[in-house]
Amino acid sequence: MVKLVLKGELNWVRTGEPDHKFDNETTKGKWSAQLLPDAESLEIIRDLQAEGLKNVLKKNDENKYFTNFSRVFQKTDKEGKIIKTWTPPYTLDANNENLDPKILGNGSKGEIHLDVYEHPTPTGGKAKAARLEGVKITEVVSRENRPSF
């Protein structure tokens, strides 16, 4: 497993309570964050995609690239038996102190910390995946001060 730090603008930081909106048969809840990467981080993501990373880069309405990273809360087998439970990702401020993720609005600047690992594919090949470990916020845009649309 490789630890990786990507930088840029962060949106939809959900590192507090896991989101259960997309629960399915074997995945229960997840934490997530959206990254609009800076130029250097964008190249790192593209290099990882060339090695099999499935995270998709898209463009937003402002023509900026973004992608999402997540961390599953719980994996179960098809009978519902818990296979593994993960702890929440950390949320830190610029001084490495814990930060309440509920205050974060879209457009906060910072880093997204990932575990990048290799896994087998169903066809016998190998691919890469990135698991959200945490975020470090260097410039907070609070939810209360975000622009309204």
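A residue counts as buried when its relative accessible area is under 20%, and as exposed when that area is over 50%, with partly exposed in between. The legends below apply these terms to a predicted model.

**Figure 1. Salt bridge between Lys 3 and Asp 115.** The side chains of Lys 3 and Asp 115 meet in a salt bridge, with an N to O distance of 2.7 Å. Because Lys 3 belongs to strand β1 and Asp 115 to strand β7, the pair ties together parts of the chain that are 112 residues apart in sequence. Asp 115 has a relative accessibility of 4% and therefore counts as buried. Lys 3, with a relative accessible area of 62%, is exposed.

Figure 2. The side chain of Lys 128 meets that of Glu 51 in a salt bridge of 2.6 Å, N to O. This pair links distant parts of the chain, 77 residues apart: Lys 128 lies in strand β8, whereas Glu 51 lies in the loop between α1 (39–50) and β3. Glu 51 is partly exposed, its relative accessible area being 43%. In the second pair, Lys 126 forms a salt bridge with Glu 118, and the closest N and O atoms are 3.8 Å apart. Lys 126 is exposed, with a relative accessible area of 62%.

**Figure 3. The largest pocket and its lining.** The volume of the largest pocket is about 620 Å³. Its lining comprises 24 residues, and those nearest the pocket centre are Lys 30, Ser 32, Asn 68, Phe 69 and Ser 70. At least two lining residues come from each of β1 (2–19), β2 (27–37), β4 (65–76), β7 (108–120) and β8 (126–139). Strand β4 gives the most to the lining, with 6 residues. By residue class, the lining of this pocket divides into 9 nonpolar, 7 polar and 8 charged residues.

Figure 4. Strand β2 is mostly covered, with 9 of its 11 residues buried. Strands β1 and β2 run antiparallel and are joined by 6 bridges. Within this region, Leu 35 in β2 is the bridge partner of Leu 10. Strand β2 also pairs with β4 in the antiparallel sense, over 8 bridges. Here Gln 34 stands opposite Asn 68 in β4; Asn 68 is also one of the residues nearest the centre of the largest pocket.

**Figure 5. Surroundings of Leu 36.** Leu 36 is a residue of strand β2. Its relative accessibility is 6%, so Leu 36 counts as buried. Leaving aside residues up to four places away in sequence, Leu 36 touches Lys 7, Gly 8, Glu 9, Asn 11, Asn 60, Lys 64, Tyr 65 and Phe 66. The C-alpha atoms of Leu 36 and Leu 6 are separated by 9.7 Å, the two residues being 30 apart along the chain.

Figure 6. Asn 63 lies in the loop between β3 (58–59) and β4. The phi of Asn 63 is near 65°, a positive value in a residue other than glycine. With a relative accessible area of 53%, Asn 63 is exposed. Asn 96 is found in the loop between β6 (90–92) and β7, and its phi is likewise positive, near 65°. Asn 96 has a relative accessible area of 48% and is therefore partly exposed.

Notes
Residues numbered from 1 in each chain as written. Predicted model: local features only at pLDDT ≥ 70, side-chain atom pairs only at ≥ 80, totals over all residues. Heavy atoms only, no water. 1 Å grid on protein atoms, 1.4 Å probe; cavity = no way out; pocket = protein on both sides within 12 Å on 5 of 7 lines; lining within 4 Å. Points joined across faces, edges and corners; volume = space filled by probe spheres on them. Helix = DSSP H or I, 4+ residues; strand = E, 2+ residues; numbered from the N terminus. Nonpolar A, V, L, I, M, F, W, Y, C, P; charged D, E, K, R; others polar. Buried < 20%, exposed > 50% of the residue type's maximum accessible area, 1.4 Å probe, protein only. Contact = heavy atoms within 4.5 Å. Pairing = 2+ DSSP bridges. Salt bridge = Lys/Arg side-chain N within 4 Å of Asp/Glu carboxyl O.
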